[in-house]
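Q: I'd like to learn how to read the inside and the chain contacts of a model like this one. Can we go through it feature by feature?

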Protein chains: 2
Amino acid sequence: MATISDVATRAGVSTATVSRALNGKSTVDPELAARVLAAADELGYRPNGPARNLRRQETAVLALIISDVENPFFTAISRGVEDVAHEAGYSVVLCNSDDEPDKEREYVDVALQERVAGVLISPAGAGDSAEVLRAHNTPVVALDRRLEGSLGDTVLVDNQLAAREATLHLRAQGYRRIGCLTGPSGVLTADDRLAGYHDGLAEAGLTASSSLERRSEFKAAGAKDAARSLLTQDEPPDALLVANNAMAIGVLEMMAELGLRAGRDIGVVAFDDAPWATLLDPPLTVVAQPAYDMGSAGAQLLLSRIGGDHSEPTTTTLSAHLVGRGSSSKG
Amino acid sequence: MATISDVATRAGVSTATVSRALNGKSTVDPELAARVLAAADELGYRPNGPARNLRRQETAVLALIISDVENPFFTAISRGVEDVAHEAGYSVVLCNSDDEPDKEREYVDVALQERVAGVLISPAGAGDSAEVLRAHNTPVVALDRRLEGSLGDTVLVDNQLAAREATLHLRAQGYRRIGCLTGPSGVLTADDRLAGYHDGLAEAGLTASSSLERRSEFKAAGAKDAARSLLTQDEPPDALLVANNAMAIGVLEMMAELGLRAGRDIGVVAFDDAPWATLLDPPLTVVAQPAYDMGSAGAQLLLSRIGGDHSEPTTTTLSAHLVGRGSSSKG
DNA sequence: GTGAAAGCGCTAACAA
DNA sequence: TTGTTAGCGCTTTCAC
């Protein structure tokens with residue numbers, strides 16, 4: 001592949017001039033610049049990225065470490081990140097941690113090796129993997145979940161408030177034994193949603209009971225089992241707050257198996273909106289999260305850190321909103 | 001950040017020995033190796049990726065250029081790619097072309113600059129952007145769609161066969177005016193599915209009619225409009241073959257608006273399975289595509305090209321299978 | 001405005 | 001087995 005000196009030779013100038021002409025840094029004689037451009041074009045020249053990165057001691061690459069590309073919530077985040085990054089001339093490397101701390105560490109190592117300019121991460125469970133990034137002066141932004149310590153900017157959704165609101169909504173719709181199915185203990189979003197549910201119960205004058213609460217992975221399969229145990233007990237709940245979209249699928253599957261209809265038999269509200277939510281009968285009431293905005297806000301914060309902003313780490317809290325549909329209405 | 005010579009100094013050896021000890025290439029005295037490892041650990045040393053890549057003239061990175069991370073079909077592909085790549089020690093950079101040739105070119109340029117080891121691409125419309133890759137000796141594998149010319153290995157699904165099968169299935173279920181809603185003209189998958197639909201009609205002894213066919217983007221919004229025009233004409237179809245998942249959402253939305261029930265009023269089969277397909281009433285009959293397998297097969301092919309396999313480009317055709325559910329049954 | 005030359009951090013001959 | 005050294009391709013002083 002053609003190098004900068006091939007271009008220089010062909011244009012009859014020095015490599016320095018080629019570099020200057022191609023990067024538009026310093027001013028170059030228009031005629032020479034034209035010759036350089038022509039030569040580069042004829043040779044199909046592409047600057048060697050690794051060489052440039054080595055010399056410049058920086059790369060225009062961000063790493064985005066999420067738990068699962070197949071989760072629409074995270075793909076929406078990644079869109080937000082990518083749009084902002086792309087706009088600023090940065091590329092984004094997407095990494096799936098599968099919520100496993102080991103895999104997360106591995107990707108953090110890769111990010112460090114490749115000297116990415118910054119990292120956006122939705123940390124898996126007990127993750128101190130961000131510390132090593134900070135130790136090497138790589139800016140980090142946490143998305144959706146908090147980092148241990150306050151090592152970088154954080155962008156969160158106010159899950160607790162949203163869960164409280166959803167619970168009150170169910171109460172207002174006439175449900176009285178409201179249950180909750182949330183994610184694994186120790187995962188911030190799961191715990192916050194449960195806490196908000198408790199807030200809502202208290203405010204509605206309902207008493208919490210562990211028999212109305214279950215935890216499972218943020219996946220359909222686990223949620224289905226949990227829903228069975230919840231719904232087949234002696235005094236089952238008459239409504240359910242479900243902590244994510246995939247879990248909602250498991251819950252609805254189980255309800256179908258048990259012959260229970262959403263809304264009429266069991267009120268249902270789930271986190272995360274989805275294009276198919278309106279196709280269900282009845283349509284699914286959801287808590288819509290601003291996933292795209294989380295991504296774009298996080299990317300913006302990261303870019304400004306990369307740009308040299310050394311002020312105190314910030315926490316941005318975005319709010320989710322309830323979208324009422326038939327699954328939370330008895331009528 | 002610590003460099004290889006920091007490690008060398010600390011361990012009291014040369015940089016060459018550090019390199020050898022860390023890469024396990026040549027054999028190093030165990031005692032020295034231990035000293036090197038210790039020194040590297042103490043300094044938190046991470047090899048400088050760009051420097052290594054520059055020196056080695058190669059990177060362990062693949063680029064995957066798809067049209068949309070938010071499309072579950074492509075995320076499944078990306079999982080397949082990533083699992084295989086990761087296993088082999090490669091990283092994957094995901095790029096969204098949004099099916100725009102310009103954006104696709106841009107990413108191809110980036111891939112070239114960064115000297116990625118190879119590229120997997122699901123080419124947008126009329127894409128010659130792969131040619132430039134071949135011109136620079138970067139291996140390319142086409143996924144889901146064919147490349148102009150035969151520039152690299154190709155992994156496809158037999159869409160035509162699958163569409164034919166789906167059409168015959170609808171006929172067997174008693175539908176007689178079967179319509180088809182496919183993607184943009186010029187997109188291989190869209191055209192193949194339409195062709196397969198024609199095959200099926202012919203085989204079932206039904207006559208094709210342009211009044212039963214529509215095209216739109218592979219998105220819900222366009223499909224919804226197309227469905228309206230299809231279903232509100234004088235002699236509307238009594239069944240519909242829909243060319244992808246997102247479009248199916250648009251179609252089902254329109255059917256709901258028109259008060260049409262899937263199965264009983266209009267038989268529906270859509271490409272791409274989805275976890276929510278079984279939650280619909282009636283559940284959606286789909287053509288399930290082996291997306292994960294496409295990704296993993298493509299990655300395997302690419303890796304073997306990177307490894308120096310210069311044999312003739314191959315075409316791998318995977319088959320999709322029909323999953324019959326209630327939306328294609330009158331009962 | 002332009003060129004010569006140094007050097008980013010690493011690996012791979014080549015010597016010892 | 002180990003060290004010395006050259007050089008990957010680029011950008012950036014520093015002279016001119």
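Q: Which residues line the second largest cavity?
A: A cavity here is a set of points on a 1 Å grid over the protein atoms alone where a 1.4 Å probe fits but cannot get out, and lining residues have an atom within 4 Å of a point. In this predicted model, the second largest cavity is lined by L94(A), L64(B), S78(B), E82(B), V92(B) and L94(B). Two elements of chain B, α5 (72–87) and β2, each give two or more residues to that lining. Helices (H or I, at least four residues) and strands (E, at least two) are DSSP runs, numbered from the N terminus.

Q: How do I read the numbering, and what was counted?
A: Residues run from 1 along each chain as its sequence is written, while chains are lettered from A and ligands numbered from 1 in the order in which they are written. As this is a predicted model, local features need pLDDT of at least 70 and side-chain atom pairs count only at pLDDT 80 or more, whereas totals for chains, interfaces and linings use all residues; side-chain values use heavy atoms, with hydrogens and water left out.

Q: How much space lies in the second largest cavity, and what is the volume of the largest?
A: A volume is the space filled by probe spheres set on the grid points, which are joined across faces, edges and corners. That gives about 40 Å³ for the second largest cavity and about 60 Å³ for the largest. The whole-structure search finds two cavities of 30 Å³ or more.

Q: Which residues line the largest cavity?
A: Both chains take part: L64(A), S78(A), E82(A), V92(A) and L94(A) from one, V69(B), L94(B) and N96(B) from the other. By class, that makes five nonpolar, two polar and one charged. The classes count Ala, Val, Leu, Ile, Met, Phe, Trp, Tyr, Cys and Pro as nonpolar, Asp, Glu, Lys and Arg as charged, and the others, Gly among them, as polar.

Q: How much area do chain A and chain B bury between them?
A: The size of an interface is often given as the accessible area lost when the parts come together. Buried area is that loss (1.4 Å probe), summed over both parts. Here the two chains bury about 4,400 Å², with 54% of it on carbon and sulfur atoms. In chain A, R46(A), R79(A) and R115(A) lose the most area to chain B, together 16% of what that side buries. Going by contacts (heavy atoms within 4.5 Å), 51 residues of chain A meet 51 of chain B.

Q: How many salt bridges cross the interface?
A: Look for a side-chain nitrogen of Lys or Arg within 4 Å of a carboxyl oxygen of Asp or Glu. Six salt bridges cross between chain A and chain B; one of them pairs D98(A) with R79(B) at 2.5 Å, N to O. Over all chains, the search finds 34.

Q: What does the salt bridge of K224(A) and E253(A) tie together?
A: Their closest N and O atoms are 3.6 Å apart. K224(A) sits in helix α10 (residues 220–231) and E253(A) in helix α11 of chain A, so the pair links parts 29 residues apart in sequence.

Q: Where is there a cis peptide bond?
A: In chain A, look between D281(A) and P282(A), where omega is about -5°. P282(A) is in the loop between β9 (267–271) and β10 (285–288). In chain B, the bond from D281(B) to P282(B) is cis, with omega near -5°.

Definitions and conventions. 1 Å grid on protein atoms, 1.4 Å probe; cavity = no way out; pocket = protein on both sides within 12 Å on 5 of 7 lines; lining within 4 Å.
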